[in-house]
Amino acid sequence: MAGGFAVDQSALKRAHLYEYKITGYFVFACIIAALGGSLFGYDLGVSGGVTSMDDFLKDFFPSIYRRKQKHLNETDYCKYDNQILTLFTSSLYFAGLVSTFAASHVTRTWGRRGSILVGATSFFLGAVVNAASVNIPMLIIGRILLGVGIGFGNQAVPLYLSEMAPAKVRGAVNQLFQLTTCLGILIANLINYGTEKIHPWGWRLSLGLATVPATLMFIGGIFLPETPNSLVEQGRLEEARIVLEKVRGTNKVDAEYADLIDASNAARAVKNPFRNLLARRNRPQLVIGALGIPAFQQLTGMNSILFYAPVIFQSLGFGSGASLYSSIFTSGALVVGALISMALVDKFGRRAFFLEAGCEMMICLVCVSITLALKFGTGEVLPKGIGIFLVIVICLFVLGYGRSWGPLGWLVPSELFPLETRSAGQSVVVCVNLLFTALIAQCFLAALCHLQYGIFLLFAGLILIMSSFIYFLLPETKQVPIEEIYLLWKTHWFWKNIVNEGEEATDLNGKSGGQV
């Protein structure tokens with residue numbers, strides 16, 4: 001309840017009284033909800049692969065196809081620099097960032113489950129339209145529908161997982177979202193590797209198979225329980241108690257249930273949650289959770305590599321099939337990174353993973369940049385040994401991202417917000433994330449063309465900045481109950497002065513309001 005300062009703080013210090021067991025009911029709910037990540041991941045993986053397929057380029061972007069054929073086995077930073085081609089990818093993310101505000105209303109009013117179902121439906125329709133596309137407008141319409149699905153799914157799923165999970169395993173449970181995202185990317189790359197050999201409609205199969213995770217998510221979502229937090233927020237108190245007992249595997253939930261009631265009472269007092277996000281007492285959540293982390297997650301350059309991994313490797317002279325094969329290695333490293341983070345993040349903490357992986361990622365990007373500066377030029381064939389070295393370094397970079405900014409970029413923001421601003425806060429998280437995703441997607445190939453190897457040095461510098469941001473401003477949140485996170489700000493060296501002044505201002509306003 002970070003920000004619910006009107007509530008008696010002593011009543012909220014009940015974490016030691018929480019009891020739970022891992023039940024089948026809890027596991028089922030989390031696995032089904034986490035399928036939302038597979039929608040995001042499948043699209044991340046499939047988009048770059050499809051845009052490198054010859055049949056797709058011949059149908060929609062013949063000028064790029066002709067340019068590609070002229071330099072089939074040569075390196076060329078600008079081979080795929082085309083704003084309409086990148087709009088095919090980025091249009092989804094612009095649609096997602098707009099739809100997330102509608103998702104906030106649905107999530108708060110109708111629950112997390114409602115947003116999950118809407119997201120699955122829209123994603124399914126978008127996959128059908130894309131697979132049937134005969135012109136660029138149909139492609140863009142399909143991408144917009146996919147974007148709405150991702151906007152709703154990314155808004156609801158991290159909240160759902162964080163609210164369902166006991167505090168001591170919340171990190172691992174929340175990272176199911178990142179794990180399914182990574183698995184979606186890996187599966188998409190494997191599918192692209194197969195469909196690239198099916199002429200001339202293999203690309204349609206790649207895009208159309210996005211209906212599979214959407215269908216699984218919708219069918220499973222019908223049977224999902226709503227989170228106890230959301231049920232309390234909606235005033236369905238008896239049902240919330242029943243669900244809490246089922247997911248915790250015990251009827252000894254009085255302490256946790258009392259915290260949910262207190263959090264809900266504070267939430268009902270907030271009429272405009274988006275305006276409440278701007279309150280001084282919520283400044284840490286706004287700066288770190290809503291703005292900083294989701295923006296920085298994209299500024300690592302990771303999604304650029306995932307979007308265009310096949311394109312990057314083709315530009316490095318690997319050839320079409322080899323480039324997709326190389327992308328499978330990178331997405332496999334992403335899955336391994338997610339598994340490492342799931343296993344260890346609740347033991348070593350969020351800050352440790354952010355900081356050590358940040359160092360690894362910076363070193364990898366500098367190595368890539370130096371190698372390309374020395375060995376990679378327009379019209380030159382890249383030596384095989386250098387190409388293999390680049391794939392290894394990129395895989396190490398992906399492994400670092402996969403255990404840090406990838407999963408923690410969703411986990412940490414979902415932990416920080418109090419119940420009264422949680423759905424609004426998550427909407428801003430998704431909006432900022434997708435805005436920077438879209439901008440990076442739209443600009444990366446043009447930047448690669450003009451900055452060449454310098455683009456990777458730019459990302460390395462940004463990782464240095466974001467690592468410093470984490471070191472100085474983010475307190476450790478491991479094993480802290482989600483409704484007690486706000487206590488961390490009151491003892492943090494920087495934030496304590498800001499939130500305490502905000503609380504005093506709120507108390508004074510309340511007293512003066514009572515005297516009028």
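Me: What relative accessibility does Cys359 have, and as what does Cys359 count?

Reply: A residue is called buried under 20% relative accessible area, exposed over 50% and partly exposed in between, with a 1.4 Å probe and protein chains only. Cys359, at 43% relative accessibility, therefore counts as partly exposed. This is a predicted model, in which local features need pLDDT of at least 70 and side-chain atom pairs count only at pLDDT 80 or more, while totals for chains, interfaces and linings use all residues. Residues are numbered from 1 along each chain as its sequence is written, and side-chain values use heavy atoms, with hydrogens and water left out.

Me: How many disulfides does the structure hold?

Reply: A disulfide is a pair of cysteine sulfur atoms within 2.5 Å, and the structure holds 0 of them. Cys395, for instance, is in no disulfide, and the nearest cysteine sulfur, belonging to Cys364, lies 9.9 Å away. Cys395 has a relative accessible area of 16% and is therefore buried.

Me: In which helix is Glu163 found, and is Glu163 buried or exposed?

Reply: Helices are DSSP runs of H or I with at least four residues, strands are runs of E with at least two, and both are numbered from the N terminus. Glu163 belongs to helix α7, which covers residues 136-164, and Glu163 is buried because its relative accessible area is 3%.

Me: Which side chain does Glu163 join through a polar contact, and which residues does Glu163 touch?

Reply: A polar contact is a pair of N or O atoms within 3.5 Å; within protein, one must be able to donate a hydrogen and the other to accept it, and residues adjacent in sequence count only if both atoms are side-chain atoms. Here the side chains of Glu163 and Arg422 are joined by such a contact of 3.0 Å. For contact in general, heavy atoms must lie within 4.5 Å; leaving out residues up to four places away in sequence, Glu163 touches Arg112, Thr227, Asn229, Ser230, Arg248, Leu419 and Arg422.

Me: Where is Phe88 found, and with which residues is Phe88 in contact?

Reply: Phe88 sits in helix α5, residues 83-110, and is buried, its relative accessible area being 1%. Apart from neighbours within four places in sequence, its contacts are Ser47, Thr51, Phe56, Leu139, Ile140 and Arg143. The C-alpha atoms of Phe88 and Gln442 are separated by 9.1 Å, although these residues are 354 residues apart along the chain.

Me: How many helices and strands are there in the protein chain, and what share of its residues count as buried?

Reply: The protein chain has 25 helices and 0 strands, and 63% of its 516 residues count as buried.
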